[in-house]
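Let's take a walk through this protein, one piece at a time. Keep the 3D view open and follow along as we go.

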Amino acid sequence: MNICRNTKFLFVVTSSGKVEDRFLYDAELFVGIIKSKGVNPSDIIIATDAQESIVLAKCPAMLGVTFITSLQLLSTINTIDDDNLIILTDCHGSIRGIDAQSPIMPHPLTEAIKTNPSLKNIIVFFGQCYAGIYNWVDLRKDNTNIVYLGATGFDSSLSYGVSGIPWSANISLVAFGKWLLQPIDIDGDGQFTVMDLYKYIACFTNSVTDEIEKKQTADLVDAKVELKLSMRDQGNSTDTMIQLEKEAIDVLGNYIVPHQNPWLLNAFSAQNIQFE
């Protein structure tokens, strides 16, 4: 697969309400990456429920791309006449599917892909929460490689302040972009495949979650030390204990243990799709 030839990129940045700016910034970051690799803006599609003028005002790097609404998504996928399609979702998700004016559910999305008569290689990256509902579906189609990648299973996906990015970015999408910029042959077969991409995303996201857990554990230890010192210095008065209890609850409330379980569906096709 040559991402600069016979390939369409489709970003799903949809919402039943207001599209959050961070999702638009994530998409703009990725658009900048693929443009730097030589992808023509005419081969980039943004499916969003935000107004095009508002998106371009916030994300000028998207100038020149094609905008569609979420209601046009499935018909657009079904009629793309290139060989290759890469879909990336970066929005909210739930057990009902990808958040949009009408939720995008696994079966209709998969059918739109499988019934397209032209596509030969399709990669779908699900970056939203509860991406696991798109796992365990039938992607088999003769002479066609279809691969689904999920940022996480039946958990919330993680956005975080990754170094060098000034907003809370989807860490799995960032990993995808980093690998495209500088592919790594992780399995040592001499090819850059979707399997390598998947393994890189999984390793990157786990390294970020490890960093978060270490930082938050240190914050908890600091809070415990401060609590003991305050109790020693101020005594055990009722007002002091109420205030210390409130502060402890605040610290614990901000403590999360982010579990990201990236997954891949259709391993054989993942090995077959090679990036040039």
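Start with a pair of residues facing each other: the bridge partner of V13 in β2 is T48. The chain gets from β1 to β2 by way of helix α1 (residues 21–36), and this β-α-β crossover is right-handed. That label means that, with the strands pointing away from you, the path from the first strand over the helix to the second runs clockwise. Helices (H or I, at least four residues) and strands (E, at least two) are DSSP runs, numbered from the N terminus.

Before going on, a word on what you're looking at: this is a predicted model, where local features need pLDDT of at least 70 and side-chain atom pairs count only at pLDDT 80 or more, while totals for chains, interfaces and linings use all residues. Residues are numbered from 1 along each chain as its sequence is written, and side-chain values use heavy atoms, leaving out hydrogens and water.

Back to β1, which covers residues 7–13. Its pairing with β2 (residues 44–48) is parallel, over five bridges; two strands pair if DSSP finds at least two bridges between them. β1 also runs parallel to β4 (residues 84–89), joined to it by six bridges, and here T7 stands opposite N84.

Now hop to helix α5 (residues 171–181), where nine of the eleven residues are buried. At its start, a side-chain oxygen of N170 comes within 3.1 Å of the backbone nitrogen of S172.

Next, look at the aromatic rings. Rings of Phe, Tyr and Trp (its six-membered ring) pair if their centres lie within 6.5 Å; planes under 30 degrees apart count as stacked, over 60 as edge-to-face and the rest as tilted. By this rule there are eleven aromatic pairs. F30 and F176 make an edge-to-face pair, because their centres are 5.3 Å apart and their planes sit at 75°. This pair ties together distant parts of the chain, with F30 in α1 and F176 in α5, 146 residues apart.

Methods
Buried < 20%, exposed > 50% of the residue type's maximum accessible area, 1.4 Å probe, protein only. Polar contact = N/O pair within 3.5 Å; in protein donor to acceptor, adjacent residues only side chain to side chain.
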